[in-house]
Amino acid sequence: MNSLEIDDVVKRAYAMPLTNPSFPPGPYRFFDREYIIITYRTTREALEAVVPAPLEIDEPLVKYEFIRMPDSTGFGDYTETGQVIPVRFGGQHGGYVHSMYLDDDAPIAGGRELWGFPKKLASPKIMHEGEVVVGTLHYGSVLCATGTMGYKHREADHDQVLASLAAPNFLIKIIPHVDGSPRICELVRYYLTDVTLKEAWTAPAALDLRPHVMADVAKLPVLEIVSAVHFTADLTLGLGEVVHDYLADRNPSATSAIQPEMARA
């Protein structure tokens, strides 16, 4: 007789490894989450190269986010940075999470496995330097992003910040088959819930993005800074729902048939 029965495997199979998962089951609550969000204008051509249908581009804008998470259930203490693109899905306005870089294993594993967050291991930081708030992203030894913002110049519109946090977010969840062909390829929607906004400020900001082969934030170039907001909040990261299945109308055998050619390339 097997020591771990099939029913037990199914019951415990919410994450990997089976007997020692990298993160616990949710929900996931965050306390004192600190955000720096610098919204900038980029080229429509750059966005068209990365935003997947059926999402549609609103204006050619990008939100570059630095997020300090000192206290989160299940995921611990970490910092994250990345790019979110304002989009529409049907008549619904939200954000497409294009890139994320962070410094903690549990939220990398959990984010990728559960929702499909495009998370990579890197070294982002938020620092308070006198009258300036500074966000940086290093990938290895290379500086890829620097954001600077004045420290608490003017109080931001709390209703506007809360509305932005309440908007849906979209992700592409990709899990390959054991032969390397796509097994899951879905557009996922999730929400932040139970939000308590503690403070929110706006100020002038600057953003510098540099090319890197594995951290391609500079492929969405900065043409003009539109706005910046610095705030802290408690919130819950809600689990997701599938709103589009990219493989639903595809022939699985045809999808798998391309893999041997890819493997030989």
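**View 1. The largest nonpolar core has 35 residues, and V51, L55, Y64 and L137 touch the most other members.** A nonpolar core here is a set of buried Ala, Val, Leu, Ile, Met, Phe, Trp, Tyr and Cys residues joined through side-chain atoms within 4.5 Å. Buried means under 20% relative accessible area, exposed means over 50%, and partly exposed is in between (1.4 Å probe, protein chains only). Zoom in on L137: setting aside residues up to four places away in sequence, L137 touches Y64, F66, T81, Y101, A122, S123, P124, V142, L143, C144, A145 and V217. Contact means heavy atoms within 4.5 Å. There's also a second, separate core of 33 residues, with F30, F75, A109 and V229 among its members. In soluble globular proteins, nonpolar side chains tend to be buried together.

A quick word on the model: it is predicted, so local features need pLDDT of at least 70 and side-chain atom pairs count only at pLDDT 80 or more, while totals for chains, interfaces and linings use all residues. Residues are numbered from 1 along each chain as its sequence is written, and side-chain values use heavy atoms, with hydrogens and water left out.

**View 2. K119 carries the UniProt feature "active site", taken from an unreviewed entry.** UniProt positions are given in the numbering used here, feature names are shortened, and annotations may be inferred rather than shown by experiment. K119 sits in strand β6 (residues 119-121); helices (H or I, at least four residues) and strands (E, at least two) are DSSP runs, numbered from the N terminus. With a relative accessible area of 5%, K119 is buried. Its side chain makes a 2.5 Å polar contact with the side chain of E80. A polar contact is a pair of N or O atoms within 3.5 Å; within protein, one must be able to donate a hydrogen and the other to accept it, and residues adjacent in sequence count only if both atoms are side-chain atoms. Neighbours within four places in sequence aside, K119 is in contact with E80, M100, L102, P107, I108, G111 and R112. Now look at helix α3 (residues 105-115): its buried residues include P107, I108 and G111.

**View 3. T79 belongs to strand β4 (residues 76-89).** At 6% relative accessibility, T79 counts as buried. Its side chain meets that of R68 in a polar contact of 3.3 Å.

**View 4. Four strands make an open sheet in the order β7-β8-β9-β14, with antiparallel pairing.** β7 (123-129) and β14 (205-209) are at the edges with a single partner strand each, so one side of each is left without a neighbour in the sheet. Strands pair if DSSP finds at least two bridges between them, and seven bridges join β7 to β8 (residues 132-139). One to spot: M127 has V134 in β8 as its bridge partner.

**View 5. Two cis peptide bonds and two positive phi values are worth a look.** Most residues other than glycine have a negative phi, and most peptide bonds are trans. The bond from M16 to P17 is cis, with omega near -10°, and P17 is in the loop between α1 (6-12) and β1 (28-41). Another cis bond joins A53 and P54, with omega about 5°. D32, in strand β1, has a positive phi near 55°. K152 has a positive phi near 50° and lies in the loop between β9 (142-150) and β10 (154-155).
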